[in-house]
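Hello,

Here is the model for your set. My notes follow below it.

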Amino acid sequence: MTLLALTLVLPAVWLAGLMLAPLAGRDRPGAGPGAGSRLRRLLAVTAPAALLPGVVLPLFQERAALDVPWLLLGARLEMDATARALLPATGLLYAAALASVAWVRRADRPDRGTALAGFLLASGLGNQLLYVAADTATFYVGFALMSLAAAGLVVHHRTAAAHRATGVYLVLSVLSETLVLGGLLLVVAEGGAAVADAPAAVAAGDLTGLTVALLVLGFGIKAGLVPLHVWLPLAHPAAPPAASAVMSGAMVNAGVVGWLRFLPSGAEPGADAGVLPLAGGLLVGASLVGAFGAALVGVLQTDPKVVLAYSTVSQLGFVGAVVGAALRDPALAPAAAAAAVLYLLHHSLVKGALFLGVPVVAGHLTGARGCSCSAGWPWRGCRWRGRR
């Protein structure tokens, strides 16, 4: 129980510290960094430690639960099999992203690294919260916090491309939040206030078709479901590699987890039983288009981060097809859920490592071959030339 609480409390404490640090003292021109800047720098450097409880929790406890009656309408946190599998990978990925930006310092903007660390902590807090949320309201709070905090990751470089990508991301994120909120309100109205009760409530409800449509589309935006995937190839080349690592390695998983938590896969069908096979078929079709179509588009790209973005759309397409198959055939639900979580775990670690490795490879190529670049990124506006 203590580790479960620390999984959420420590990132919140570090984030609050970064936000309140300027109150400790502002910088004075010509006098070096003030107490506030030094404190923010210390918190940014040590921020990866805030993610450690989520990494070690599943190693020591098979299941954990915690009731927080004073929070919202009475929150309950619980680590089930899905959370147990995804929490360590998510914690490691956010910790690695934080570590990769903690030591970066710019002469013109020394606070830029600490700002990025703050948005990473906020997004990571929301990501972990939705995994362990056992009630629908808490799940939505975590999902919204993760999604909206990520806008600060996309806009970080303040370039024209970053502002454009952030605008597209915010439009689609607000649309996602609206659809998910509408779907979850219907879930709660049908008796699914607890996450464990949600699939049966959706299946037995009078508005099963509408609820499933809202949830598939709302969570599909986050999971990169075609044609709702357009934010991914725009956001990744504009965002820092650390931000891309968590967006593609951890945040997209939230959409699939939302499907697994709330879609009535394996539940006893109600009056609208015929809508579930139809919804499952459409989800399988759209997912397979993304799985194979994004791969074809991705191999034609030259920016490695765009290639990886389309790779994410492709990989999540296979997971979406598995979820859709479970909607069509409820007997497949247990195996489909296990396969989806295993695939997400693999994708998180591999895709996160690939994104974090992009600047390493780019720096190596720059040093080995030479490059005339613009905007500081070796793969943008470069003219590669071999060794003379």
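First a definition: buried means under 20% relative accessible area, exposed over 50%, and partly exposed in between, with a 1.4 Å probe and protein chains only.

Conventions next. This is a predicted model, so local features need pLDDT of at least 70 and side-chain atom pairs count only at pLDDT 80 or more, while totals for chains, interfaces and linings use all residues. Residues are numbered from 1 along each chain as its sequence is written, and side-chain values use heavy atoms, with hydrogens and water left out. Helices (H or I, at least four residues) and strands (E, at least two) are DSSP runs, numbered from the N terminus.

The core. A nonpolar core is a set of buried Ala, Val, Leu, Ile, Met, Phe, Trp, Tyr and Cys residues joined through side-chain atoms within 4.5 Å. The largest one has 104 residues. Leu 121, Phe 139, Trp 231, Trp 259 and Phe 262 have the most contacts inside it. Helix α11 (residues 241-262) gives the most to this core: 13 residues.

The rings. Rings of Phe, Tyr and Trp (its six-membered ring) pair if their centres lie within 6.5 Å; planes under 30 degrees apart count as stacked, over 60 as edge-to-face and the rest as tilted. The whole structure holds seven aromatic pairs. One of them joins Phe 139 and Phe 262, edge-to-face, at 5.0 Å centre to centre with 75° between the planes. This pair links distant parts of the chain: Phe 139 is in helix α6 (residues 136-154), Phe 262 is in α11, and they are 123 residues apart. Phe 139 counts as buried because its relative accessibility is 0%. Phe 262 is buried too, with a relative accessible area of 0%. Phe 143 and Phe 219 also pair edge-to-face, at 5.3 Å between centres and 85° between planes. Here α6 supplies Phe 143 and helix α9 (residues 208-222) supplies Phe 219, 76 residues away. Phe 139, Phe 143, Phe 219 and Phe 262 form one aromatic cluster.

Helix α9. How many of its 15 residues are buried? Eleven, so the helix is mostly covered. Among them are Thr 208, Leu 214, Phe 219 and Lys 222. The cover includes α6, α7 (160-189), α8 (198-204), α10 (231-238), α11 and α12 (275-298). The expected span of a helix is 1.5 Å times one less than its number of residues. Gly 224 follows α9 and has a positive phi, near 70°.

Trp 231. Lys 222 lies over its face, 5.4 Å from the ring centre; a charge sits over a ring if NZ of Lys or CZ of Arg is within 6 Å of the centre and within 35 degrees of the ring normal. Contact means heavy atoms within 4.5 Å. Beyond its neighbours within four places in sequence, Trp 231 is in contact with residues including Val 168, Tyr 169, Ile 221 and Met 247.

Strands β1 (residues 64-68) and β2 (residues 75-79) pair in the antiparallel sense over five bridges; pairing needs at least two DSSP bridges. Ala 65 has Glu 78 as its bridge partner. Ala 64, Leu 66 and Val 68 make the covered face of β1, and Ala 65 and Asp 67 the uncovered one. Six residues lie between the strands, and Leu 72 takes a positive phi near 55°.

Regards
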